[in-house]
Amino acid sequence: MAVPHAETDDLQRLLDVLPEPLHGRASALPTAELLELVLDLGRVPQARVGAQTIDLDSEPVSRELLDSVLARVGRFSDDNRAGIEGTLHRIAALRNRSGRVIGLTLRVGRAVYGTIDSLRDLIEDGRGVLLLGRPGVGKTTRLREMARVLADDCGRRVVVVDTSNEIGGDGDVPHPGIGSARRMQVPHPEAQHAVMIEAVENHMPEVIIVDEIGTAAEAAAARTIAERGVQLIATAHGTTLANLVANPTLADLVGGVQTVTLGDDEARARGTQKTVSERRSPPTFESVVEIVDRERLRVHGDTARAVDSLLRGRPPQGEPRGQPEPAAEGEAGQQAARPEPDPAPVGSGAVPPTGGRRLRLFAYAISADSLDRVIRQLRLPARVVDRAERADLVIALRGRNADPRLERLMAGRDIPVHVVKRNSTAQLRRLLQDLFNVVPGQREAVAEDAVREAEDGVRRARDEGVAVELTPRPAALRQLQHRIAMRHRLLAESAGSEPERRLVIQPPA
């Protein structure tokens, strides 16, 4: 089962703009966690690694050092950003009142795979999706992968409107991180709304992806695009849906707000004053995703309903999604494993033994074609069969798993049944990745080693009645080991700090 690399970042090309000895010191940092380098005139140079800030030198940054770095990077645009051709890295400048550069932020850009697994159902269904979140939380990274997935996996015509070349990287040839999506560059930030409209009128896209909608003109352009039947995926300034509703410039993205006067009977029926706030129009985006942190999301699948709840004084009930480990990188402590709510397996184990042959799956009340397509995309050792009696495992729609017909098909057969909430490729993909222990971004051999270690740990915890401490692993592999412990109904806790964070499997109570 071939899975893509977790990240591609060309980090060395960013570090190469630094003179010695900064280059050597930066190269010695934990590269997987390096976020940015900060060079401010007269202050010591710093690196931000995860939640930490590390001094790279005891000597302050000199004018000569800044000039040396500036000579190695590309031209700065009107928004004081530059890049390195062929990479996703971004260099941002601080200037004094006369326009001279007095500080630089060198931001590491990465194409990270697997960041939108919990959102695939939204984008594959053709919904307009708006991403919200604080700076640095991963909005642009998710946009980049959405472009790749929609263009390559779904075969749609995708155009990326790339104002600062953050999504597709610097240079005329887009970075491979956006797949076969096309990229339109923007000459200066004030022209973003015009390029958005140009993309629709000239290039017949099915999907438009744009970063950082922040002005009334861009909000109006977004509504125009949505009204023409083009799927729009974007980010906007703001951290929550409530922030957006309260923002007079951007509130139109979620329907806008107007003040209305109710009649006496209607006011009494609602239990409100006669003057209330209501949503003015249908939202531009059908769904809003709040990115809480790099692992956790809150999804408002029906924007109109969520906004109406807010305006009536009720908190919108967003659906939490994402990784089961919400602890920030580098955070010490323990966290108990929690089952993922969706999809939920009914059977007791993952994949039943098959003697080395391909696993045979029977689809009940779901699309066999979709199931077969996901199997081929993930390159799983499985195939779809048309009769339940020939199957090793059944995948059913959750609302139909109690059907009398399915009970008759299963009568006398010890076959596990697993369910999905919706008949969508995104749901099927998540379930099969869980069942077959697929970890996006990790090599198959590495994932299999983590699985074997977890299963051995489960056996020891049960047989010997002791807590079993596993080898330190990345977060994605710890999540996989969590799921294995949960299948056997054992408690698993994360302990330690990165990069030594590991799983401890507890014995049965």
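Helices and strands here are DSSP runs, numbered from the N terminus. The model is a predicted one, and in it Asn165 takes a positive phi of about 60 degrees even though it is not a glycine. Most residues other than glycine have a negative phi, and most peptide bonds are trans. Asn165 counts as buried because its relative accessible area, 12%, falls under the 20% cut-off.

The loop between strand 10 (158-162) and strand 11 (182-185) also holds Ala181. Ala181 is buried too, with a relative accessibility of 6%. Setting aside residues up to four places away in sequence, Ala181 touches Ala147, Ala151, Val158 and Val160. Pro205 sits 24 residues from Ala181 in sequence, and the two C-alpha atoms are 10.0 Å apart in space.

Stepping back to the whole chain, the secondary structure comes to 15 helices and 25 strands. Of the 509 residues, 49% count as buried. Among contacts with a separation of 6 or more, 63% come from residues 24 or more positions apart.

In soluble globular proteins, nonpolar side chains tend to be buried together. The largest nonpolar core in this model has 32 residues, and Leu130, Val161, Ile208, Ile213 and Leu253 have the most contacts inside it. Elements giving two or more residues to this core include strand 9 (129-132), strand 10, strand 12 (207-213) and strand 13 (231-236). On the helical side, helix 6 (192-203), helix 7 (216-227), helix 8 (241-245) and helix 10 (303-311) each do likewise. Val161 shows what such a position looks like up close: leaving out neighbours within four places in sequence, its contacts include Ile167, Met184, Val186, Val195, Met196 and Ala199. Val161 is also in contact with Ile208, Ile209, Val210 and Asp211, as well as with Gln192. A second, separate core has 28 residues, including Leu29, Phe76, Val101 and Val108.

Two helix pairs are worth a look. Two packed helices are described by the angle between their axes and the distance between the axes. Helix 6 and helix 7 pack with their axes 8 Å apart, at an angle of about 10 degrees. That angle is under 35 degrees, so helix 6 is roughly parallel to helix 7. Helix 6 passes helix 7 in a left-handed crossing. On the helix 6 side, the contact is made by Gln192, His193, Met196, Ile197 and Val200. Helix 7 brings Ala217, Glu218, Ala221, Ala222, Thr224 and Ile225 to it.

The other pair is helix 11 (residues 368-378) and helix 13, whose axes are 9 Å apart and meet at an angle of about 50 degrees. These two helices are therefore oblique to each other, and helix 11 passes helix 13 in a right-handed crossing. From helix 11, Ser370, Leu371, Arg373, Val374, Ile375, Gln377 and Leu378 meet Thr425, Leu428, Arg429, Leu432 and Gln433 of helix 13.

Helix 13 (residues 425-435) is largely enclosed by the rest of the structure, because eleven of its eleven residues are buried. Just after helix 13, Asn437 takes a positive phi of about 55 degrees. Ala365, in the loop between strand 19 (359-364) and helix 11, has a positive phi of about 65 degrees although it is not a glycine. Ala365 is partly exposed, with a relative accessible area of 30%.

Some backbone details remain. Asp293 lies in the loop between strand 16 (287-291) and strand 17 (296-300), and it is buried at a relative accessible area of 13%. The side chain of Asp293 has a polar atom 2.9 Å from the backbone nitrogen of Glu295. The Asp293 side chain also reaches the backbone nitrogen of Arg296, at 2.8 Å.

Cis peptide bonds turn up as well. One joins Glu20 and Pro21, with omega about 5 degrees, and Pro21 is in the loop between helix 1 (11-15) and helix 2 (22-27). The bond from Glu498 to Pro499 is cis too, with omega near 5 degrees. Pro499 is found in the loop between strand 24 (492-495) and strand 25 (502-505).

Note on methods
Residues are numbered from 1 along each chain as its sequence is written. This is a predicted model: local features need pLDDT of at least 70, side-chain atom pairs count only at pLDDT 80 or more; totals for chains, interfaces and linings use all residues. Side-chain values use heavy atoms; hydrogens and water are left out. Helices (H or I, at least four residues) and strands (E, at least two) are DSSP runs, numbered from the N terminus. Buried means under 20% relative accessible area, exposed over 50%, partly exposed in between (1.4 Å probe, protein chains only). Contact means heavy atoms within 4.5 Å. A polar contact is a pair of N or O atoms within 3.5 Å; within protein, one must be able to donate a hydrogen and the other to accept it, and residues adjacent in sequence count only if both atoms are side-chain atoms. A nonpolar core is a set of buried Ala, Val, Leu, Ile, Met, Phe, Trp, Tyr and Cys residues joined through side-chain atoms within 4.5 Å. Axes are lines fitted to C-alpha atoms, for helices over the stretch in contact, and angles run from 0 to 180 degrees between N-to-C directions. Angles under 35 degrees count as roughly parallel, over 145 as roughly antiparallel, 65 to 115 as roughly perpendicular and the rest as oblique. A crossing is left-handed if the near helix is turned anticlockwise from the far one by less than a right angle, and right-handed if clockwise.
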